[in-house]
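The sequence and the structure are shown first.

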Amino acid sequence: MIKPNDTALRLFEILSASGIEAYAVGGFVRDSLMGLPVHDIDFAVSASPEETKRLLSPFAKMIDTGLKFGTVTAVFEGVPFELTTFRADCGIKDGRHPQSVSFVRDIVSDLSRRDFTVNAIYYSIDTAEYVDYTGGIPDLYKHVLRTTQSPEKVFSEDGLRILRMVRIAAELGFNIDKETLDGAKKSVHLLKDISGERKREEFLKIL
């Protein structure tokens, strides 16, 4: 059972009253379903970053966390919330960042950029329903880590996802899907292009 805190519910009510679709997504949904402690709540929203900022500015301190990638942070009632516009990424220029980003209005396009099925479960606070196009909920209960698309494609978008795969599997005690693991082995050369700082952060979390 997912239980967003009262602050998150009030923020959602502001978004919903303006006709904006908003879904909790990522680690908050995954860990809630597993009965684990949860912390930050990230929202995927149908509004553009400018629309989100304009709507929430009277109520929250707005921070341009990653504006060109569609992400703003709203510090609402003292609590930071990341809100990212539904988006589709076009190409990867440096093994990490997309060459271009197009903002979209539907979840299906948005989920195509997510890494693992267990991180691609959307939860509607409005209807208390899950949107799970990639089978993340069954994978959660089977304790399996699997990429949302072909492993080679997912890892080519960000080589660090290979280490993230190991870290999440270690943290949650999951098995890695065979096709996903084979794809990671074929893509391991991509790690040479990842900065030492980013790799160090994942290694420390793994340890």
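In this predicted model, strand E2 (residues 42-45) pairs with E5 in the parallel sense, over four bridges. One of the residues involved is Asp-42, whose bridge partner in E5 is Glu-82.

E5 also pairs with strand E4 (residues 71-76), here in the antiparallel sense and over six bridges. Phe-76 has Val-79 as its bridge partner in E5. E4 and E5 form a hairpin with two residues between the strands, and in this hairpin Glu-77 takes a positive phi near 55°. As a general point, the side chains of a regular strand alternate between the two faces of the sheet.

Aromatic rings are the next topic. The structure holds four aromatic pairs. In one of them, the ring centres of Tyr-23 and Phe-86 are 6.3 Å apart and the planes stand at 40°, so this pair is tilted. Tyr-23 belongs to strand E1 (residues 22-25), while Phe-86 sits in the loop between strand E5 (79-85) and strand E6 (87-92); the pair therefore ties together parts that are 63 residues apart in sequence. Both Tyr-23 and Phe-86 are buried. In another pair, Tyr-123 and Tyr-130 have ring centres 5.2 Å apart and planes at 45°, so this pair is tilted as well. The table sets out the two pairs.

| Ring pair | Distance of centres | Angle of planes | Class |
|---|---|---|---|
| Tyr-23 and Phe-86 | 6.3 Å | 40° | tilted |
| Tyr-123 and Tyr-130 | 5.2 Å | 45° | tilted |

Why does Tyr-123 count as buried? Its relative accessibility is 5%, and the cut-off for buried is under 20%. Tyr-130, its ring partner, has a relative accessible area of 32% and is therefore partly exposed.

The last topic is a side-chain contact. Glu-157 is placed in helix H6 (residues 151-157). The side chains of Glu-157 and Lys-153 are joined by a polar contact of 2.6 Å. Is Glu-157 buried or exposed? Glu-157 has a relative accessibility of 15% and so counts as buried.

Conventions
Residues numbered from 1 in each chain as written. Predicted model: local features only at pLDDT ≥ 70, side-chain atom pairs only at ≥ 80, totals over all residues. Heavy atoms only, no water. Phe/Tyr/Trp six-rings, centres within 6.5 Å; stacked < 30°, edge-to-face > 60°. Buried < 20%, exposed > 50% of the residue type's maximum accessible area, 1.4 Å probe, protein only. Polar contact = N/O pair within 3.5 Å; in protein donor to acceptor, adjacent residues only side chain to side chain. Pairing = 2+ DSSP bridges.
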